[in-house]
Amino acid sequence: MPPKIALLLCGNLTGKPYADSGGYEAIYSRFLHATVPASPDTEGSSLPFTVDYYDVVHEMVYPKHDDEYDCIMLTGSGTVPLCLDGPIHNRADGVPVIEQRLLHTRMSSGSPSSRPIQLQTAYQDNRHATIHLTSVPGICFGHQIIARAMGGECVPNGGIWEVGPTRIQLTDLGKQIFGSLDTLTIQQMHRDHVPAVPPNFHLLASTDISPNQGTVLFYPEDSGKSKAHIHILTVQGHPEFTEPVVTSIIEQRAASGVINAQAVKDAEARRFVETNAGTIVGKAIWEVILDKI
């Protein structure tokens, strides 16, 4: 059966960025198609797959049955996952855009029989969730909200933005997963961050500004999976974004005063720095989906 992916749309582009590049559906579709491996059955063809899109912001819809998917992927968002209880609010206008049930995904960080955890925006529920061993990649907001739900935190980073092409330093584990490189260069668009690695997770990369640039959680030993196989993979940056997408977002947010002038100037200086994370992180995500790492 072709891999089946549920894409939880935790936000979307608006205005000129949307007009120029399309919404997250289009951006993630291009990202997944550009990095999908070749089909083992048909020479010269890419591996077939399907994607179902769930607007968890406006429509508040989620997969009815998590285990029908090989992967449940969480996108980025303009929202910040900082509240402890109740709805999550957009920092700019205070409009509640995502409620506590943002993540309907269920997963386990321990024995399926003893430590079920329901992934939610603000807390862990260790009593009522069922367990599905579906791979879960999270990007930017996805990285942050997974950390919150799994016992970590997401906090403001002192008003400091990471924007545009940014070099991240890989850990030894990050080098194993991303191909023996010392660094990756990835597009960034955030001023909140996950300051520490959540319980049971492992760090993949860091920068001086945001020391947690990505994490993994391995399947538990008694899950029936190989111990080395990845259950959750998160990245703080945006492997799915290209220079035109980021430039358009910067222009939009600078015009509204969300991004300060210094951050815009710094990003402009690095605007055309070549990034390699799109291909490398994309391929790693596919290896997680296909249960190869």
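Which helix gives the most to the lining of the second largest pocket?

Residues are numbered from 1 along each chain as its sequence is written, and side-chain values use heavy atoms, with hydrogens and water left out.

Confidence comes next. pLDDT is the predictor's confidence in each residue, from 0 to 100. The chain has a mean pLDDT of 82. In 78% of its residues the value reaches 70 or more. Watch residues 82-132, though: there pLDDT stays under 50. The model has 136 contacts beyond four places in sequence for that stretch. Contact means heavy atoms within 4.5 Å. Where pLDDT is low, the predicted coordinates should not be read in detail.

Now the whole chain. There are seven helices and 15 strands. These are DSSP runs, numbered from the N terminus: helices are H or I with at least four residues, strands are E with at least two. Of the 293 residues, 53% are buried. Buried means under 20% relative accessible area, exposed means over 50%, and partly exposed is in between, with a 1.4 Å probe and protein chains only. Take the contacts between residues at least 6 apart in sequence: 68% of them join residues at least 24 apart.

Back to my opening. The answer is H2, with five residues in the lining of the second largest pocket. H2 and H7 each supply at least two. The volume of this pocket is about 240 Å³. It has 16 lining residues, and the closest to its centre are Phe31, Pro239, Glu240, Phe241 and Thr242.

How is a pocket found? On a 1 Å grid over the protein atoms alone, a pocket is an open set of points with protein on both sides within 12 Å along at least five of seven lines; a cavity is a set where a 1.4 Å probe fits but cannot get out; lining residues have an atom within 4 Å of a point. Grid points are joined across faces, edges and corners, and a volume is the space filled by probe spheres set on the points.

Look at H2 itself, residues 24-35. Its 12 residues should span 16 Å at 1.5 Å a residue, and its end C-alpha atoms are 16 Å apart, which agrees. The expected span is 1.5 Å times one less than the number of residues. Which residues of H2 are buried? They are Tyr24, Ile27, Tyr28, Phe31, Leu32 and Thr35. An α-helix has 3.6 residues a turn, so residues three or four places apart point the same way.

On to H5, residues 243-255. Its 13 residues should span 18 Å, and the end C-alpha atoms are 18 Å apart. Glu243, Val245, Val246, Thr247, Ser248, Ile249 and Ile250 are buried in H5. What covers them includes H1, H2, S10, S11 and H6. Just after H5, Gly257 takes a positive phi of about 85°.

H7 runs over residues 277-289. It reaches 17 Å from first C-alpha to last, close to the expected 18 Å. Its buried residues include Ala277, Ile280, Trp286 and Ile289. Asp291 lies in the segment after H7. Asp291 has a positive phi of about 65° although it is not a glycine, and at 26% relative accessibility it counts as partly exposed.

Ser180 also has a positive phi of about 65° and is not a glycine. It sits in the loop between H4 and S11. Is Ser180 buried or exposed? It is exposed, with a relative accessible area of 66%.

Val61 is in the loop between S2 and S3. It is partly exposed, at 31% relative accessibility. Leaving aside neighbours within four places in sequence, Val61 is in contact with Tyr54, Asp55 and Val56. Its C-alpha is separated by 8.8 Å from that of Leu8, 53 residues apart along the chain.

Ile209 is in the loop between S13 and S14. At 36% relative accessibility, it is partly exposed. Ile209 and Trp161 are 48 residues apart in sequence, with 8.6 Å between their C-alpha atoms. Beyond four places in sequence, the contacts of Ile209 include Asn157, Ile160 and Trp161.

Conventions:
Predicted model: local features only at pLDDT ≥ 70, side-chain atom pairs only at ≥ 80, totals over all residues.
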